[in-house]
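Student: Please take me through one part closely: the aromatic rings and what surrounds them. Keep it brisk.

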Amino acid sequence: MPMAGEAVEWTVIVLTCQYKDSVFAFHKELEIRQDRGALSQHLILLTVEDPKVQVGSGGATLNALLVAAEHLSTRAGYTVVTSDILQKARILILHMGRDFLFDDCSRAFTCLPVEDPAAPVEAVTCNLDSLLATLTHQVCKGSPPGVWVCSTDMLLSILATSEIDWRGFQGARVIAVPGSVSYAQKHGVYLVDAQGVVQDILYQGSEDQIQQCVGLDGKVPLVCGVVFFSAEAAEQLLATHVVPPLDACTYLGLDSGAPPIQLSLFFDILLCMAQGVAEEAFVKGQSPGMGRGDTQNAAAMRNARSVLWKALHAVPLTMAYIPGGSYDYMSMSASDHILHLTAHERTACGRSFCKVAHSDVAEPELLEEGCSVTNSLLEGAVSLGPGSAIQHCYLKGPLQIRSGCLLTGLDMASSEDLKSHVLEDVVIQGHAIRLRDIPCKVFTLSGRHDNWQVKENGTYLNMPWAELFHRTGIRNQDLWSSDTLPSGRCLLNARLFPVLHASEQLVLGDILWLLGSPGAGQLQRWRASWRMSWEELWTCLNQEMELAFRKALFFLQAQNKMRKVLMGHKNCSLLPLIRSVVIEGYQEAVLNTLDEVASITDDPGVAARALACIADVLACMAKGEGGLRSGPAANKAWAPAFQQLERGNIPEGVKELAKERKKWLSRPVLLVRAARHYEGAEQILIRQAVMSSCKFISIQTVELPPVGHWVLVECPARVDLSGGWSDTPPITYEHGGAVVDLAILVDGRRPIGAQARRIAEPELRLVSTSGRLEGEVVAELVCRCLEDLQDYCQPHAPGALLKAAFICTQVVTLHSEWSLRDQLEERFGGGFELRTWSHLPHGSGLGTSSILAGAVIAALYRVSGHSASVESLIHAVLHLEQVLTTGGGWQDQVGGLVPGLKIGRSKAQLPLKVEVEQIAIPEDFRQTLNEHLLLLYTGKTRLARNLLQDVLRNWYARLPTIIQNANALVSNAEECAQALRQGNLALLGKCMSNYRLQKKVMAPGCEPLAVQRMMEALQPHVYGQSLAGAGGGGFLYVLTKQPRMHKALQRILAETEGLGNFSIHTVEVDAAGFQMRLLEEDLSLVEQ
């Protein structure tokens, strides 16, 4: 059997709890964790009430094992419990244990001050979550089928490198972690032999006894509440549930009328397996630590131990010692608990301490080091001193909370009462209780140093009882009945806490007055109230109501977080929070919050991200059904909202979107379609943001060329050497971009061009020729009226790019009272003929469409009597592509319109401005590049549109990997520019290879399998290689180690299977860039 393996795939998880009223609430918590993906969808989740309160950990284990076996037997088709089902099962039993003073939902659901930024679903981390993660991924991995049992009354931490050796294992095994002798004197410790076989289990042993357990590391093996039974050992244990008196430990025995007994997991079930314990001593309860399972029926307990001895003594019991582990029992000490919540070392779940976890704090500078705030909202000036913790509170300052305090479960109404007190070394808790089916909120107050169980010389609020009585006027008989002897009086059974008043609602002030001298009528009001002790309160706690209160707080602070992240332009992913919102049913409130943000902001970028978040909420609500996220978004029902957004009326547009949204929430398919339309709305706002670049378009008036004279523009293609995707809106203006581009001749020619001329007829003649490698396609059309131009914004419509160019250059005004014919005759005395061509295949990745747009705009400007700088053309193409609704960035036109090697940059701001720096390279390096750069046509067509939608979706979600990758793209581009300045081919190749990996992070799936095979074959012969553009197909560019390797690579690829049709093309750096010429009428057209 291997030493270690993958995380455990649990078959059944059983959570045991004391009270039947808690079963539903805690089972729902398990189901939520299953919905989050923290637990497998296939495992059986069970929440089991102990047969009787204080049945003991052993009795609870046996009962839980029986219930699990029943469910497994039923699933397997049996009608009776069959132990065979344990042979392949992996069962985890988690015991919630006894009541906990400092958390009404038990130690298991005590929240820890941590956050996990990598979690797919955002949620508070409870001790239960920590234990589940530690057991599933560390302690239990590699173990054989069987039953794990774990207490939840401790904080457990294991080093990631710790492993347990399961080779040759049989029987049962206890898990131990190192502890000091002094700590062990208050806890349990194992005595083992040199082979790790357990000889005895000591509880609160003497120092001499514990010294026998000290290992070579000077530590003792502490009992940490984790036990494993092999499938065979679990069968033997399960068999005892039908044998009296052990049958009384299960619900079957209780239902059959058997008198209950209390059984300990460690000192009854496990101790009988210890090799150093004699049968007589065990049965009579004379071993060290025995007696913790005693009941009034001593004879029944002796019989129970006798049955256990006979059934289990032969089972081998060994110990697995984890040197890197740590264990902290969650005691009844407030000081200990506060220390657990404020200690800065790594927490129980192995995550770093987080001073403010899942909380919204208005003035975080008032939180001193060594304090913690978890799942809370703090408005105004709330000062928190070191060694103090706030959990599950909604408070409003000014409040002064000094050191040593714990505040939990307090709502906004409590703030007024707190303002009149300076708190120090106190514990203040709000509790949800049920009094005869009436839900109530009550409060308790105690001191950090109080011992709740001490019977003599006890304290309250860190002072002797006598001092409290003297200061407040409270008397013994106010707190304890005459039936309670002085020797039995303690804080735990003192009726201190008001729960109901005959005529007035109770508030926090009704207990806080105990901190000082009583005001007028306070003592009388306190005495007139129905009061309870902590012991009595425990029986009335309403865990379902308490958990609901905590969740409401979590999602309230989550809404504030969303506002701050969006309005503050923070690179923090909201997707984990959105998933949590949908799983727990809080989507309506969050949708309203996102509507509010989108409506009130003056920043279209913030509004667009808010709409993207709404799209994510809707998609999550579809729960993976309803079809692909990417798809059309032009349903007429959404048109009124889109029209408002197009007009720049964002608040009204958001209102119309929300109004329409309500009609699309009933089915997954409608939710997905609604999500697509929200992404469509987001695209409108992106377009408006990018339109700000029009500020940098400047044109001059020049003489109109004669009718019939051609304006010819020829452009190189471009190769993106690094930084692509960082130029894509909104990334380019929200993060900032940098792209290194190279203008190239392909096979010795400029492959992209346009030519335009004036014609006598007042019409627009459009001819576009594309493709050569995959076959030439020619499209011709004539526009004689404005209606012929209406589809300019539909990218796949015939001539859409050319039509959009006429509109963007303002040669034609689409929304005009004048007809197209009248406009052309009035302004130009006739119409235009426009011809375009590209010798590159569709989806080449060489920037064809954007460079072609630049050529067309340049030609139209000139033929209509205007001229524009290259900088203006770059921004004009951005404008055109937004009008065309194809989106896209600026790197393509920079690459094809600016000559040679250059780096384009944009800052994280609006208006969007692209600045270009031409890169100065060594004198002979251009020729070196010509000899080492090659283009390979892969034969695969790229589908960039879906890639773009996916990238934008991930960017708006601010996935951590995308943020890190955006940073890497920009820094790699700067390094690439430096490699070019140095003339360093190897460094340039490294940057190209890094860029390839970065593009794969940005758009997973952008490398088809055939392309990967091609790249693997070429890898030994190149410094670097990458698919051009967004990837997915088109051209692959390679930087070869040797010059002029065209023929060599041809041979290598010809011998590689599965590549399909490919071709290799030469590359030359184009030092001239795009060229514009005026041609005489009778000159032949450029051969397309």
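**Rings, pairs and charges**

Tutor: Trp480 is buried, with a relative accessible area of 6%. Buried means under 20% relative accessible area, exposed over 50%, and partly exposed in between (1.4 Å probe, protein chains only). Trp465 is buried as well, at 13%.

First, the ground rules. This is a predicted model, where local features need pLDDT of at least 70, side-chain atom pairs count only at pLDDT 80 or more, and totals for chains, interfaces and linings use all residues. Residues are numbered from 1 along each chain as its sequence is written, and side-chain values use heavy atoms, leaving out hydrogens and water.

Now the pairs. Rings of Phe, Tyr and Trp (its six-membered ring) pair if their centres lie within 6.5 Å; planes under 30 degrees apart count as stacked, over 60 as edge-to-face and the rest as tilted. The count is 23 aromatic pairs. One of them joins Trp465 and Trp480. Their centres are 5.2 Å apart, with 75° between the planes, and the pair is edge-to-face. Trp465 lies in helix 13 (residues 465–472). Trp480 is in the loop between helix 14 (476–479) and strand 26 (497–500). So the pair ties together parts that are 15 residues apart in sequence. Helices (H or I, at least four residues) and strands (E, at least two) are DSSP runs, numbered from the N terminus.

Next come Phe806 and Phe832, a tilted pair. The centres are 6.3 Å apart and the planes 50°. Phe806 belongs to helix 26 (residues 800–808), Phe832 to strand 35 (residues 831–838). The pair links distant parts of the chain, 26 residues apart. Phe806 and Phe832 are both buried.

Rings can also gather. Trp148, Trp166, Phe169 and Phe228 form one aromatic cluster.

Charges are the last item. A charge sits over a ring if NZ of Lys or CZ of Arg is within 6 Å of the ring centre and within 35 degrees of the ring normal. Lys441 lies over the face of Phe549, at 4.1 Å from the ring centre. Arg531 has its charged end over the ring of Trp526, 4.0 Å from the centre.

Find the edge-to-face pair of Trp465 and Trp480. Then find the tilted pair of Phe806 and Phe832. Finish with Lys441 over Phe549.
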